[in-house]
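Have the viewer open as you read.

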Amino acid sequence: MSKAPIRVAVTGAAGQIGYALLPRIASGQMFGPDQPVILQLLELPMEKAMAALEGVAMELDDCAFPLLHSMVLTSDVNVAFKDVNWALLVGSKPRGPGMERNDLIKENGPIFVGQGKAINDHGAADVRVAVVGNPCNTNALIAMHAAKDVPDERFTAMTRLDQNRATAQLAAKAGVASTEVSHTLIWGNHSATQVPDYVNTRIGGKSAGEVITDREWLQGEFFTTVQQRGAAIIKARGLSSAASAAGGLVDHVHDLVHPQAEGDWRSVCVPSDGSYGVPAGLISSFPVRATAKGYEIVQGLELDDFLRARLDATVGELQREKEVVADLLG
Ligand SMILES: NC(=O)c1ccc[n+]([C@@H]2O[C@H](COP(=O)([O-])OP(=O)(O)OC[C@H]3O[C@@H](n4cnc5c(N)ncnc54)[C@H](O)[C@@H]3O)[C@@H](O)[C@H]2O)c1
């Protein structure tokens, strides 16, 4: 017997990431090849945005995806999140010329208050949330605070693109296929302070820091390449990463709904429980293992002094971002 469709909301659905993401959800790459989906697509209430969304929906129709049950196109948050099982919060304002990160945080924050409330009031009882729109950790924090009745652990933000970027860089440096790289781990904020972990990430089952003995590269070029990859893509393409960001989100959600074996993990930004000295409540990237019931933060990993200092710095940034949006946290 075929499964009942699940409802998946995508915000900013007519944007670049939306365009790359929706066909992948509709083709079963996120929730599995036997899981039908109803896509509930939110865009801004502007003629241009809604017309673009209509066009995206026409293309999805034209793919005749067997798993795409139906679509809802709307500019009303209350309609978009009605009965949704997953809310993928992609849409937000891009950083304008000369805009500081704090200005962006303040500009985008209110969007996530409204969306968090709508998820709270209209989402399904099992609703889960993944935030991509930047600054995604802090936006997820805002949405989590606004959704008073939804358990905190349902809120995640995405560092999976960073994880995938780190995997690719390590594989290239070691001269191995990316499938040889496992347990790739990003700590902290999805920002230029994020911490790609070369101690706990493995190449051919060994610590990446043992396989690649070039310390200077691991602590220098590897770090900066992963941290600044987004800016490098904008410089090269004239547009920010979209296909790889959509790919990151497909992996992020797929791996949260398909549990990992004991001892394995993925990089996921989740509310801290105080693990690894990250103050409880901050939404930070951790080693996360999806389980049949939800997920757990994998315990007991060791960091060297370099990584520890970097983790403290990225957590400091998360704390400062939280202070900037304190008035939005209710
Ligand atoms: N976490 C990550 O790894 C990662 C990676 C890449 C991009 N991003 C972020 O993802 C976001 C989207 O990127 P993009 O390239 O698709 O941008 P985009 O500008 O192409 O698309 C964003 C879309 O969101 C819509 N939108 C804006 N505010 C909205 C709102 N309040 N409700 C509904 N829709 C709204 C816009 O109309 C637009 O169509 C950006 O914030 C970007 O910084 C995150």
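1. Buried here means under 20% relative accessible area, exposed over 50%, and partly exposed in between (1.4 Å probe, protein chains only). By that cut-off Arg165 is buried, at 10%, whereas Arg95 comes out partly exposed at 47%.

2. Housekeeping: this is a predicted model, where local features need pLDDT of at least 70, side-chain atom pairs count only at pLDDT 80 or more, and totals for chains, interfaces and linings use all residues. Residues are numbered from 1 along each chain as its sequence is written, and side-chain values use heavy atoms, with hydrogens and water left out.

3. The unreviewed UniProt entry annotates Arg95, Arg101, Asn134 and Arg165 as "binding site"; such annotations may be inferred rather than shown by experiment.

4. Where do Arg95 and Arg165 sit? Arg95 is in the loop between strand 4 (86-89) and helix 4 (101-122), while Arg165 belongs to helix 6 (residues 160-174); helices (H or I, at least four residues) and strands (E, at least two) are DSSP runs, numbered from the N terminus. Skipping neighbours within four places in sequence, Arg165 is in contact (heavy atoms within 4.5 Å) with Val226, Arg229, Gly230 and Ser241.

5. Now the rings: the whole structure has seven aromatic pairs, counting Phe, Tyr and Trp (its six-membered ring) with centres within 6.5 Å; planes under 30 degrees apart are stacked, over 60 edge-to-face, the rest tilted. Phe223 and Phe306 are edge-to-face, because their planes meet at 80 degrees, with centres 5.3 Å apart. Phe223 is in helix 9 (residues 221-227) and Phe306 in helix 12 (residues 305-324), 83 residues apart.
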